[in-house]
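Reader: I would like to go through this model term by term. Please tell me what each label rests on.

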Amino acid sequence: MKKKMFTSLVVLALCAPPTWAASKLSLLHIKNTHAIGLTAGTGWGDTFHVGGTYHYYFHRRWSVVGFLDYERGFFEKSGFQCINFMPGIEAAIWQPANWLYIHAMGAAIIGWDSWQNTDMMLSRQGPCVGLALGLNFEFYALPQLSFTLGAGQSWKYCFLSGGDTNYFSPKFSAGIRYNIQ
């Protein structure tokens with residue numbers, strides 16, 4: 001069910017740009033504006049994440065961002081879940097059309113991880129810190145509404161109750177943003 005919803009969002013975002021291109025929107029990120037949004041996505045198919053986003057554009061090409069994500073993963077007999085807060089910076093690196101922006105993003109990760117193994121009846125949890133880097137495409141349907149498709153890579157170091165660990169995790173996501181004008 002989750003994969004079908006994610007696939008539907010991706011197809012919608014990819015099919016809709018030609019209709020947006022036909023419009024005469026002259027869109028620019030505007031200094032001192034805000035945007036809020038929702039995202040959902042996956043890692044390599046064994047995880048999913050959902051979350052909220054906040055953007056404050058302090059320049060036409062630069063914004064301060066904040067992400068709050070819930071992530072859950074399943075790996076045979078073990079699984080994990082985590083909550084991540086990620087403050088960072090997003091830069092509009094290219095605008096190939098007046099309805100499309102390509103962004104690069106970098107953020108710090110502050111989170112809480114919880115790992116479980118059902119066979120061994122083990123459970124570990126603790127705080128974590130890390131870094132995230134990524135790219136996204138932002139498609140404008142209206143000046144107030146845009147859709148995003150993104151890919152990123154994060155690294156986290158976790159101080160778990162049974163021993164510290166670190167790991168990398170890919171993320172692919174689709175989202176929607178309301179741009180407050």
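Author: Start with the word strand: a strand is a DSSP run of type E with at least two residues, numbered from the N terminus. Ala174 has its place in such a run, strand β8. Keep in mind that the model is predicted.

Reader: How many helices and strands does the protein chain have?

Author: The protein chain has two helices and eight strands. Along the sequence the pattern reads α-α-β-β-β-β-β-β-β-β.

Reader: Why is Ala174 called buried?

Author: Buried means under 20% relative accessible area. Ala174 has 4%, so Ala174 is buried.

Reader: How far apart are Ala174 and Ala151 in space, C-alpha to C-alpha?

Author: The distance is 9.1 Å. In sequence, Ala174 and Ala151 are 23 residues apart.

Reader: What makes Leu142 partly exposed?

Author: Exposed needs over 50%, buried needs under 20%, and partly exposed is in between. Leu142 has 45% relative accessibility, so Leu142 counts as partly exposed. Leu142 lies in strand β6. Its C-alpha atom is separated by 9.6 Å from that of Tyr178, 36 residues apart along the chain.

Reader: Is Ser146 buried or exposed, and how do you know?

Author: The relative accessible area of Ser146 is 0%. The cut-off for buried is under 20%, so Ser146 is buried. Ser146 sits in strand β7.

Reader: Which residues does Ser146 touch, not counting those up to four places away in sequence?

Author: Ser146 touches Glu138, Phe139, Tyr140, Ala141, Gly175, Ile176, Arg177 and Asn179, with residues up to four places away in sequence left out. Touching here is a contact, with heavy atoms within 4.5 Å.

Reader: What makes the pairing of the Ser146 and Asn179 side chains a polar contact?

Author: A polar contact needs a pair of N or O atoms within 3.5 Å, one able to donate a hydrogen and the other to accept it. The side chains of Ser146 and Asn179 are joined at 3.3 Å, so the distance passes.

Reader: Why does His103 count as buried?

Author: His103 has 1% relative accessibility; the cut-off is under 20%, so His103 counts as buried. His103 is found in strand β5.

Reader: With which side chains does the side chain of His103 make polar contacts?

Author: One is the side chain of Asn136, at 2.9 Å. Another is the side chain of Glu138, at 3.5 Å. The limit is within 3.5 Å, so both distances qualify.

Reader: Which residues that line the largest cavity are closest to its centre?

Author: Phe67, Met105, Asn136, Gly150 and Ser173 are the closest, out of 31 lining residues. Among the elements that give two or more residues to this lining are β5 (100-117), β6 (122-142) and β8 (165-180).

Reader: How many residues of each class are in the lining of the largest cavity?

Author: The lining has twelve nonpolar, 15 polar and four charged residues.

Conventions: Residues are numbered from 1 along each chain as its sequence is written. This is a predicted model: local features need pLDDT of at least 70, side-chain atom pairs count only at pLDDT 80 or more; totals for chains, interfaces and linings use all residues. Side-chain values use heavy atoms; hydrogens and water are left out. Helices (H or I, at least four residues) and strands (E, at least two) are DSSP runs, numbered from the N terminus. On a 1 Å grid over the protein atoms alone, a cavity is a set of points where a 1.4 Å probe fits but cannot get out, and a pocket is an open set with protein on both sides within 12 Å along at least five of seven lines; lining residues have an atom within 4 Å of a point. Ala, Val, Leu, Ile, Met, Phe, Trp, Tyr, Cys and Pro count as nonpolar, Asp, Glu, Lys and Arg as charged, and the others, Gly among them, as polar. Buried means under 20% relative accessible area, exposed over 50%, partly exposed in between (1.4 Å probe, protein chains only).
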